[in-house]
Amino acid sequence: MTKVLEPVVAMMIAMDRNKLVGRGGQMPWHIPGEMAYFKSVTMGKPIIMGRKTYDSIGRPLPGRPNIVATRNSDWTADCVHVATGLDDALTKATIPKALIKQGHRDILRLSDARMPGTPYGACVLHLAPESYIGGPLALLKTGDIIRLDLPARKLDMLVDEEEMTRCRAAWTPPAPRFARGWGWMYSRHVTQADKGCDFDFLEPDFGKTAG
Ligand SMILES: NC(=O)c1ccc[n+]([C@@H]2O[C@H](COP(=O)([O-])OP(=O)(O)OC[C@H]3O[C@@H](n4cnc5c(N)ncnc54)[C@H](OP(=O)(O)O)[C@@H]3O)[C@@H](O)[C@H]2O)c1
């Protein structure tokens, strides 16, 4: 079932008496203190803007997840979330209202991959070993509880050992995606995130012959 998101959104706009908001791709005026005010209101919150506004700023706004809407699927920018439309942007910016009503302000996300840009909220990325080779995420099931202990820098799956052993025994590796070429070399030789995601054959000891 698709979850309906009801985000809490605020819109900020500055306009002159004639409802002018921009000119030539830039702000039509420079009012001392205006940007500082904008910063104080938006700091720490996800911020959604159109691609042209982003271009007029020319860099991600610091301290805020930047979400940029564009219809151009090739468009990217460092440290920016790209959204294909308003719904996508809102999904990337918020969590379901039902959870907000329960007092939650965040969802912990775990991934063995990376996330482009600066995602809103708590996330732990680059979990290793990755699920593709049977790492912990491959053994998780819906409803399993995970505990994140930040001071101890510890992440625990609260699943009993017997169950974990059963899951480990039942796990089967996915079919390899590549039989040759770059994909094959990458899957075979790039190390896990905790080892630096580098080619193993670049390590000094790789392939050393005896004597
Ligand atoms: N006064 C203010 O408060 C204020 C605030 C912000 C900006 N501005 C000014 O406003 C001007 C820019 O505003 P603008 O309205 O021309 O541009 P904008 O809304 O910042 O950007 C328009 C672009 O956003 C993308 N976009 C818009 N709607 C979309 C949708 N539904 N789905 C996917 N992508 C979507 C498209 O990008 P693609 O072309 O890449 O597909 C579109 O060309 C600048 O002059 C800026 O300085 C003023």
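A residue counts as buried if 20 or more other C-beta atoms lie within 10 Å of its own, exposed if 12 or fewer, and partly exposed in between, with C-beta atoms placed from the backbone. I opened a predicted model, where local features need pLDDT of at least 70, side-chain atom pairs count only at pLDDT 80 or more, and totals for chains, interfaces and linings use all residues. I numbered residues from 1 along each chain as its sequence is written.

**Entry: A77**

I looked up A77 first. A77 is partly exposed because 18 other C-beta atoms lie within 10 Å. I found A77 in the loop between β2 (66–69) and β3 (81–83). Strands here are DSSP runs of E, at least two residues, and helices are runs of H or I, at least four, numbered from the N terminus. A77 touches Y54 and V68, leaving out residues up to four places away in sequence; contact needs C-beta atoms, placed from the backbone, within 7 Å.

**Entry: β2**

I turned to β2 next. N66 and V68 point one way, I67 and A69 the other, and all are buried. β1 and β2 pair in the parallel sense over 4 bridges; pairing takes at least two DSSP bridges. I noted that N66 in β2 is the bridge partner of I47. On the β3 side, 3 bridges join β2 to β3, and these strands run parallel. There, I67 stands opposite H81.

How values were computed
Two residues are in contact if their C-beta atoms, placed from the backbone, lie within 7 Å.
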